[in-house]
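Subject: Model handover

Hello,

My notes on it follow below.

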Amino acid sequence: MLAFIGNRALLAIPTLIFISFISFVIIQLPPGDYVTAYAAQLRHAGEYISPLQEEMMRDQFGLNDPMIVQYWRWISDIVLRGDFGYSLEWNAPVSTLIWDRLMLTLAISSASLVLTWAIAIPVGVYSASRQYSFLDHLFTVFGFLGKGIPDFLLALILMWLAFAYLNMDVGGLFSPEYQNAPWSLAKLGNLLSHLWIPLVVLATGGAAGLIRVMRANMLDELGKPYVETAYAQGLSEARVVWTYPVRVALNPFISTVGWALPALFSGDVITAVVLNLPTTGPLLLQALKMQDMYLAGSFILILSVFTVVGTLISDILLAWFDPRIRNA
Amino acid sequence: MTDQTINSTAAPAKDRKEDLYTATPAQLIWRRFSKHALAVISLWFLVILALCALFADMVAPYAPFEVQRLRTLAPPTGIHLFHEGKFVGPFVYGLSRERDAETARVLYETDPETVLPIRFFHQGDDYNFFGLFQSNIHLFGVDDRRQQINLLGTDDLGRDVFSRLMHGGRVTLSAGLIGVVFAFVLGLTLGSISGYFGGWIDNSIQRLMELIRSVPTIPLWMGLAAALPIAWDPIVVYVLITLILALIGWTHLARVVRGQFLAIRNEDYVMAARLAGATEYRIITKHMLPSMTSYIIAALTLAVPEMILGETALSFLGLGLRPPVVSWGVLLQDAQNLRSISLAPWLLSPGAAVVLTVLAFNFLGDGLRDAADPYGQ
């Protein structure tokens, strides 16, 4: 087991190095740099900076150095000092920007994750143990729809329905009057009335796929002899189903725990943009559009690190959970 | 092939059995596939959709950029058959435009006096069909200089949403298909090399795939798409976007192919081919790949919706295709804020098109996979 973990952990290191480089290169890919984008924005607003000023800005930000030098400056600061650099656009350290939004992101994402599982596991188990029943068909339809409807579209439709027919105030997390108010019960209630749409959108998208997986796995397991043995010993159905096959069928959930980690952090970008949530997703989009390279690069780096670490955790959990994998 | 299936079900049982013994693999697959009602319906839907996209100039009653200043955000026109209790064939009522006296908002009222019969193979605007020929025949239209038929309403510039939807389908569907072709070439080449040779080649290709998969998809897509300069030619951007989609999509296909290769690498017939002195290229392309054609086709079909969703999401965020290119994602940009949706819900119709297409591809892929499984019932 220890050798397995050590092996996996060692493999993760070159991956991380490679990814950090890729994230930086991606950010550098577009022709022009932050100063070009900044100047274009100024021109858009009717202002103007001279080429000389642009050059000075470049010098000041160190944008004229060769890429490898810039990369080294960036990555060594992160590794040695935990300093993610400075967002050129926001004029603030990247880490503060991200941390500011991280709490809400984590809250929304973990709530939606719990909701996803709370829907997917019981429904999947039910669908499999009552195959071809009316509810099974209903859930199948739901599963396919959830797979076919892009998250952002679902968000748009729900927003429109809530706005047009329920007369609700949607988008964002707070109504304007609570935006800057101190925390109180009323503000909490306001938050909850806004929170259900992102939760429903994120949970349905995830649950639809997981229900299918759970159902297929359970069907595989339910036909096996050990299930029959358990029944033959006179155990109740609930006991048989929940104690044995469910545990085996949970494998894909464990292997997606790894993916949940970066998802928790990025909190589905597109949905967040549509719903105008103050999470990290829209920040990333804005950073990419503005070529705010330290912010965007750090984002992709952190996300990738989370993915690698998450995959590592999943692998370890799977091996711990399932001796067939550990000994393979 | 279809005829034969019909005949065989009508023939006596004995013939059917003999038919089964002499049927080619393709016939067997087709027979199993045609039992899958949902998949067959999806296939028809996709064929019709593809034809509509291909002949978008003809199917759409108007050009995608034709602006009607006096018909902005007009609601969809309903098709009627009876006028004042009398049957007159399919027709639409004209629309009259007014302004709300208080809010100055434009209001449309159907005008029950103006009956506009729908003319099929109607002569409308000129168009150039892929530079092949000029024509002005449209599948349907109405004879009126002022009025229009807008099956799905118009957008805020008075452009016909249905026409734009047809033209957008051309871009979105072809982007999905071209992306899959790129992914297919990459995945097939690397997957088969990896599975066939094994050893350090396999190991390094596996590592590469893991690396690509370890970067979260959406941010990677966004990062790459944001790297495309705005000023570039739309066609170049289009090709690059499909490449970006393929760059991530190929790993999935390569995994399927590699798994299959590992499974059949030690089969007797592969050994026989090797002993007969066939080159490795010949063994892979002539002996091994054909044995998994069906898996590959199913995997490809299931990969198309991913690409379509990717293109739509990127364009929707403003990172993918940009106007004047018309794609479903670009069309959905119009429906981005609550105000326009509540004012004009029909702007969401490209979304419905996306959902239907993605579902159809999923059903088709499922049906193909079941049909191609030699151990299936």
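First, a convention: a crossing is left-handed if the near helix is turned anticlockwise from the far one by less than a right angle, and right-handed if clockwise. This is a predicted model; local features need pLDDT of at least 70 and side-chain atom pairs pLDDT 80 or more, while totals for chains, interfaces and linings use all residues. Residues are numbered from 1 along each chain as its sequence is written, with chains lettered from A and ligands numbered from 1 in the order written.

**Helix pair in chain A**

H7(A) passes H8(A) in a right-handed crossing. H7 covers residues 151-164 and H8 covers residues 185-222 of chain A. Helices here are DSSP runs of H or I, at least four residues; strands are runs of E, at least two; both are numbered from the N terminus. The two helices pack at about 145 degrees, with axes 10 Å apart. Axes are lines fitted to C-alpha atoms over the stretch in contact, and angles run from 0 to 180 degrees between N-to-C directions. On the H7(A) side, the residues include Ala155(A) and Leu158(A); they meet a set in H8(A) that includes Val200(A) and Gly205(A). Contact means C-beta atoms, placed from the backbone, within 7 Å. By class, this contact has eight nonpolar, two polar and one charged residues. Nonpolar means Ala, Val, Leu, Ile, Met, Phe, Trp, Tyr, Cys and Pro; charged means Asp, Glu, Lys and Arg; the others, Gly among them, are polar.

**Chain B**

Chain B has 15 helices and four strands. Its C-alpha atoms fill a box of roughly 85 × 60 × 40 Å along the principal axes. Of its 377 residues, 38% are buried (20 or more other C-beta atoms within 10 Å of the residue's own).

An unreviewed UniProt entry lists residues 173-199 and 341-364 of chain B among its "transmembrane region" spans. Such annotations may be inferred rather than shown by experiment. Residues 173-199 are 96% helix, with end C-alpha atoms 39 Å apart. Residues 341-364 are 79% helix, with ends 32 Å apart.

**Between the chains**

30 residues of chain B are in contact with 40 of chain A. The chain B side has 23 nonpolar, six polar and one charged residues.

**Core**

The largest nonpolar core has 144 residues (buried Ala, Val, Leu, Ile, Met, Phe, Trp, Tyr and Cys joined through C-beta atoms within 7 Å). Among the members touching the most others are Ala155(A) and Ala225(B). Ala225(B) touches Ile241(B) and Leu314(B), among others, not counting residues up to four places away in sequence.

Best wishes

Technical notes. Buried ≥ 20, exposed ≤ 12 C-beta atoms within 10 Å, placed from the backbone. Contact = placed C-beta atoms within 7 Å.
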